[in-house]
Amino acid sequence: MNIRRMIIPVVLLIMIAIVGGCGSSASGNEGEPEYKFKMSNVSEESNVVSAGLEKFAELANSKSDGRIQIDVIHGAQLGTGVETFEAVRNGNLDFAADSFANLNSVTPAFEIFHLPFLFESKEQAWNAVLDENVMGLVNEELGEQGVRFFSVLDMGGPRQIATTDFKIEKINDLTGKSIRASRSPMEVAMHEAWGAAGQTVDWPEVPESLRLGMVDGVTVSYPYIRSASLHEGNLVKYIADVNAQWFSYVTVVNQDMWDGLPEDIQEILTEAAREAEEWHHEYVGEKVEEDIQILTEAGVEIYTLPEETYEELKEMTIDKVWDQFIGDPGISQEKLDLIQEAKGPVGDKGWGYTIPE
């Protein structure tokens with residue numbers, strides 16, 4: 001028997017209990033919140049997504065006249081995304097929030113949203129991820145795990161290509177390069193479609209990997225480039241604004257706990273989540289604009305590809321990656337058709353920020 005596999009869940013349960021007990025609770029004490037919930041957030045409190053989670057907690061408390069209290073516990077204090085999503089599934093935690101990218105080992109329900117170049121604007125992404133029919137399929141898959149989709153937050157826009165000492169001007173400029181990837185197999189496949197090698201490196205190790213030349217670049221959004229200080233020490237000199245892949249931050253809730261809540265509490269929590277998402281849209285846009293300015297002032301060149309090169313990159317990536325993954329668990333043709341129908345036109349707002357000319 002694997003002793004370590006036994007110890008980790010026990011330690012996680014103890015940590016949850018120390019922070020404030022397990023599961024939601026209803027209080028009958030005068031002046032006390034009637035409903036108390038715990039939400040685990042893997043990211044640190046200063047992260048761009050954490051403001052959206054705190055806004056949700058604030059709105060839920062206000063809309064319920066103090067009947068609802070949500071304690072957002074930041075910085076992976078209750079465990080990794082996998083551990084906390086499993087805690088929600090097992091009924092030991094109310095809400096858990098983490099990136100789509102880190103949840104594939106728990107559920108493939110969100111993998112389809114990683115298809116490169118699936119969305120061309122924030123409006124399209126939100127139209128799809130909040131569509132009733134799309135989320136119906138997602139929740140069918142999540143239901144097998146005892147959880148349901150609750151909310152989604154922008155992680156600072158789609159992924160760009162940040163490189164150390166070379167600028168992408170034609171497709172074969174990426175041939176033979178090593179590009180850092182998350183644990184998403186689809187991100188690795190995207191790099192390989194470009195002729196590069198997708199190398200999985202855990203995020204805390206990225207700066208040193210760039211410094212030592214272990215990787216030549218990274219695909220990530222602007223706020224994460226700045227927060228990891230990749231613009232310092234010439235770790236990243238160029239950023240190609242290609243909007244290659246949309247990763248977002250998802251919150252799930254325990255299904256049984258949710259079903260047991262009064263309808264008015266469900267309505268307040270849902271309304272607070274939607275308003276927090278809308279508030280966060282504007283917040284992220286301003287934050288990304290600020291990050292882009294700081295990156296530019298630090299000497300990083302942010303640029304767009306020539307139109308012909310961009311279209312070649314886009315079509316080549318779609319042809320090679322989509323066919324490889326469509327049909328896998330969580331990436332059915334039925335779900336893709338619903339997303340394509342729901343996302344609608346690109347609109348005129350783009351991803352909510354502009355880059356220097």
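The following exercises, each with a worked solution, concern a predicted model.

Residues are numbered from 1 along each chain as its sequence is written, and side-chain values use heavy atoms, with hydrogens and water left out. Local features need pLDDT of at least 70 and side-chain atom pairs count only at pLDDT 80 or more, while totals for chains, interfaces and linings use all residues.

**Exercise 1. Confidence**

Find where in the chain confidence is lowest and where it is highest.

Solution. 
- Step 1. Helices (H or I, at least four residues) and strands (E, at least two) are DSSP runs, numbered from the N terminus. Confidence is lowest in helix H1 (residues 3-20), with a mean of 46, and highest in strand E3 (residues 68-73), with 98.
- Step 2. Over residues 1-11 pLDDT stays under 50, and the model has 2 contacts beyond four places in sequence for them; contact means heavy atoms within 4.5 Å. Residues 13-23 also stay under 50, with 21 such contacts.

**Exercise 2. The nonpolar core**

Describe the largest nonpolar core and the surroundings of Ile70.

Solution. 
- Step 1. A nonpolar core is a set of buried Ala, Val, Leu, Ile, Met, Phe, Trp, Tyr and Cys residues joined through side-chain atoms within 4.5 Å. Buried means under 20% relative accessible area, exposed over 50%, and partly exposed in between (1.4 Å probe, protein chains only).
- Step 2. The largest such core has 112 residues, and Ile70, Phe113 and Leu269 have the most contacts inside it. Helix H10 (residues 263-297) gives the largest share, 10 residues.
- Step 3. Apart from neighbours within four places in sequence, Ile70 is in contact with Phe37, Met39, Phe56, Ala57, Ala60 and Leu269.

**Exercise 3. Salt bridges**

State how many salt bridges the whole structure has, and work through two of them.

Solution. 
- Step 1. Side chains of opposite charge can pair when their charged atoms come close. The criterion is a side-chain nitrogen of Lys or Arg within 4 Å of a carboxyl oxygen of Asp or Glu. The search finds 18 salt bridges.
- Step 2. One of them joins the side chains of Lys314 and Glu120 (3.2 Å, N to O). Lys314 lies in helix H11 (residues 307-325) and Glu120 in the loop between strand E4 (95-99) and helix H4 (122-129), so this pair ties together parts 194 residues apart in sequence. Lys314 is buried, at 11% relative accessible area, whereas Glu120 is partly exposed, at 37%.
- Step 3. Another joins Arg226 and Glu290 (2.9 Å, N to O). Because Arg226 lies in helix H8 (residues 222-227) and Glu290 in helix H10, the pair ties together parts that are 64 residues apart in sequence. Arg226 is partly exposed, at 24%, and Glu290 is partly exposed, at 39%.
- Step 4. Arg226 and Glu290 are linked with Lys287 and Asp291 in a network of salt bridges.

Conventions
pLDDT is the predictor's confidence in each residue, from 0 to 100.
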